[in-house]
Amino acid sequence: IRREALEALEQTGAAQELDALRIKYLGKKGELTAVLKQMGGLSAEERPVIGQLANDVRAALEQALETQARKLEGAALEARLKLEAVDVTIPGKAVPQGHQHPMNVALDEIKDIFVGMGFTVLDGPEVELAVYNFDKLNAEEGHPSRDWSDTFYFDADSRVMLRSQTSPMQVRAMETMPLPIRIIAPGRVYRKDEVDATHSPMFHQVEGMVIDKGVTMADLKGTLNTVVKQLYGEQTVTRFRPHHFPFTEPSCEMDVQCHKCGGVGCPTCKGEGWIELLGAGMVHPKVLKMAGIDPEVYSGWAFGIGLERTAMRRFKIDDLRLIFENDVRFLEQF
Ligand code: PHE
């Protein structure tokens with residue numbers, strides 16, 4: 001029994017096999033136990049001899065079981081350590097990095113240019129009083145831009161609204177800031193427009209305004225030309241067209257020459273060769289007066305630039321909807 005059991009023990013490769021052997025030899029119905037059970041049938045002389053022998057065998061088996069169990073445990077630990085080892089030489093996984101939205105890139109560039117010229121950046125309410133969005137900007141009751149079909153009002157008597165332009169920030173600046181004033185005010189504006197390649201009910205403008213003594217239209221043109229060349233490159237060509245806004249007099253619009261122009265049928269400028277970029281003008285004397293500034297002493301100019309258009313021209317994007325859809329395949333290109 002001893003030889004056979006010890007040999008079998010040597011061969012075991014798993015803890016379960018060891019248990020099986022323990023039961024086979026030392027269990028209640030085990031082979032050694034069977035020998036011990038027969039002790040009763042032995043003579044008085046034989047009993048101690050056989051008893052001694054059986055106990056020796058039992059002790060040897062128990063010892064061997066213990067040793068083998070430890071050996072198996074050691075091997076199992078070894079195997080696990082090997083399996084769980086960290087290979088510090090494996091190269092790391094690259095974590096994809098996000099970046100700024102093209103709109104923010106364009107806005108930051110515009111802010112940088114104006115801050116460099118001594119302008120302050122203002123922030124203002126998107127939920128605005130019609131008084132600021134219209135009345136104080138010389139667009140009185142009955143002005144077409146106040147129509148319910150164009151403007152998002154909150155109340156039946158058209159007093160509170162989503163601002164339709166950033167121009168109310170002109171008035172807010174004039175009412176609160178000491179003169180002279182040089183500000184830009186970027187932000188969201190809202191109009192009841194259907195979505196297409198160039199329209200969205202929410203878009204962004206950057207308002208700009210200067211109020212000082214002796215400010216002229218020449219300053220406006222010079223400043224805007226400088227800004228556009230810094231933004232789009234030295235070779236950029238602009239033109240100023242006369243226009244009308246209630247809060248500026250005279251008023252104009254500034255176009256930049258189309259960068260993609262294939263002439264007739266060009267998808268970017270509809271074959272016109274020019275892209276309208278902003279509205280501007282000399283701040284209307286009435287607007288100055290309503291804000292408590294003496295138009296005999298001070299003059300000023302203002303402009304409102306469409307940020308989406310600026311970004312589209314800056315990054316050569318053809319469809320406004322791409323800017324708002326946030327398709328990663330689109331955003332990754334900037
Ligand atoms: N607020 C005008 C618009 O939304 C733009 C503008 C701003 C025009 C400032 C003149 C002066 O079209």
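**Ground rules.** I am looking at a predicted model, where local features need pLDDT of at least 70, side-chain atom pairs count only at pLDDT 80 or more, and totals for chains, interfaces and linings use all residues. Residues are numbered from 1 along each chain as its sequence is written, and side-chain values use heavy atoms, with hydrogens and water left out.

**Around the ligand.** I looked up the 14 residues around the ligand, and Q165, S167, R191, Q205 and G304 come nearest; a residue counts as near if one of its heavy atoms lies within 4 Å. By class I got five nonpolar, seven polar and two charged residues (Ala, Val, Leu, Ile, Met, Phe, Trp, Tyr, Cys and Pro are nonpolar, Asp, Glu, Lys and Arg charged, the others, Gly among them, polar).

**Polar atoms.** A polar side-chain atom of S167 sits 2.9 Å from a ligand nitrogen atom. For Q205, I found a polar side-chain atom 2.9 Å from an oxygen atom of the ligand. On its own the ligand has 320 Å² of accessible area (Shrake-Rupley method, 1.4 Å probe), and the protein covers 90% of that.

**Strands.** Strand 9 gives the most to the shell, three residues; strands are DSSP runs (E, at least two residues), numbered from the N terminus.

**H204.** Next I checked H204, which lies in strand 5. Is H204 buried or exposed? H204 is buried, at 17% relative accessible area (buried means under 20%, exposed over 50%, partly exposed in between, with a 1.4 Å probe and protein chains only). Its contacts (heavy atoms within 4.5 Å) include M103, I305 and F324, not counting residues up to four places away in sequence.

Note on methods
Polar contact = N/O pair within 3.5 Å; in protein donor to acceptor, adjacent residues only side chain to side chain. Helix = DSSP H or I, 4+ residues; strand = E, 2+ residues; numbered from the N terminus.
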